[in-house]
Amino acid sequence: MKTSGPRPTVDVIIEIDDRIVLVRRRHPPPGWALPGGFVDLNERVEDAARREMREETSLDVELVALLGVYSDPSRDARGHTISTVYVGRAHRRPIAADDAAEVGLFGESDLPSPIAFDHAQILADYFAYRRTGTPPRPK
């Protein structure tokens, strides 16, 4: 991917009861990831988050918190991306669609492997946030 600058993306940690939704990617890079994707031109980040959740998990998600912004230039081997990461809630079972080959519900003690991108760090920040109530500090 060749661009004139970083591309904006969104990811959402979808909570369903005491589990979170992860998707196994259909396209490279391989692995399990938070559902998410690129923000379209003239699209609000929040709208992109809701759209991507419907496209990848078939869920209508209520965004409840902003976990953080992740911008390490090496976070995506395809090119520099900046991801706005939300915490969201849903109330029914996800169904894999679009770029998701498979979808699953996981807890902190049973995360699948491998985890794509920098999503292992994002998940560590999320679980710490859930334990303490304090969002991650900028690095």
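Rings of Phe, Tyr and Trp (its six-membered ring) pair if their centres lie within 6.5 Å; planes under 30 degrees apart count as stacked, over 60 as edge-to-face and the rest as tilted. Before you start, note that this is a predicted model, where local features need pLDDT of at least 70, side-chain atom pairs count only at pLDDT 80 or more, and totals for chains, interfaces and linings use all residues. Residues are numbered from 1 along each chain as its sequence is written, and side-chain values use heavy atoms, with hydrogens and water left out.

**Exercise 1. Find the aromatic pairs and describe their geometry.**

Step 1: Apply the ring rule, and the count comes to 2 aromatic pairs.

Step 2: Take tryptophan 32 and phenylalanine 106, which sit edge-to-face at 5.3 Å centre to centre with 75° between the planes. This pair links distant parts of the chain, with tryptophan 32 in strand S3 and phenylalanine 106 in strand S7 (residues 100–106), 74 residues apart. Helices (H or I, at least four residues) and strands (E, at least two) are DSSP runs, numbered from the N terminus.

Step 3: Check burial, where buried means under 20% relative accessible area, exposed over 50%, and partly exposed in between (1.4 Å probe, protein chains only). Tryptophan 32 has 10% relative accessibility, so it counts as buried. Phenylalanine 106 is buried too, with a relative accessible area of 12%.

Step 4: Now do tyrosine 126 and phenylalanine 127, again edge-to-face, at 5.0 Å centre to centre and 65° between the planes. Both tyrosine 126 and phenylalanine 127 are buried.

**Exercise 2. Locate the largest nonpolar core and see what builds it.**

Step 1: Use the rule that a nonpolar core is a set of buried Ala, Val, Leu, Ile, Met, Phe, Trp, Tyr and Cys residues joined through side-chain atoms within 4.5 Å. The largest one has 16 residues, and those with the most contacts inside it are Ile13, Ile20, Leu22, Leu67, Ile122 and Tyr126.

Step 2: Ask which elements give two or more residues to this core: they are strand S2 (19–25), strand S5 (62–70), strand S6 (81–89) and helix H2 (119–132). H2 has the largest share, 5 residues.

Step 3: Zoom in on isoleucine 13, which lies in strand S1. Its relative accessibility is 0%, so isoleucine 13 counts as buried. Leaving aside neighbours within four places in sequence, isoleucine 13 is in contact (heavy atoms within 4.5 Å) with residues including Ile20, Leu67, Val85, Ile122 and Tyr126.

**Exercise 3. Compare the helix lengths with expectation and list what the helices pack on.**

Step 1: Work out the expected span, which is 1.5 Å times one less than the number of residues. For the 14 residues of H2 that should give 20 Å, and the end C-alpha atoms are 20 Å apart, which agrees. H1 (residues 45–57) has 13 residues and reaches 18 Å from first C-alpha to last, close to the 18 Å expected.

Step 2: Pick out the buried side of each helix. In H2 the buried residues are His119, Ile122, Leu123, Asp125, Tyr126, Phe127 and Tyr129, and they pack against strand S1 (7–16), S2, strand S3 (32–33), S5 and S6. In H1 they are Ala48, Ala49, Arg51, Glu52, Met53, Glu56 and Thr57, packing against S1, S2, strand S4 (36–38), S5, S6 and S7.

Step 3: Look just past the ends. Serine 58 follows H1 with a positive phi near 65°, while glycine 133 follows H2 with a positive phi near 80°.
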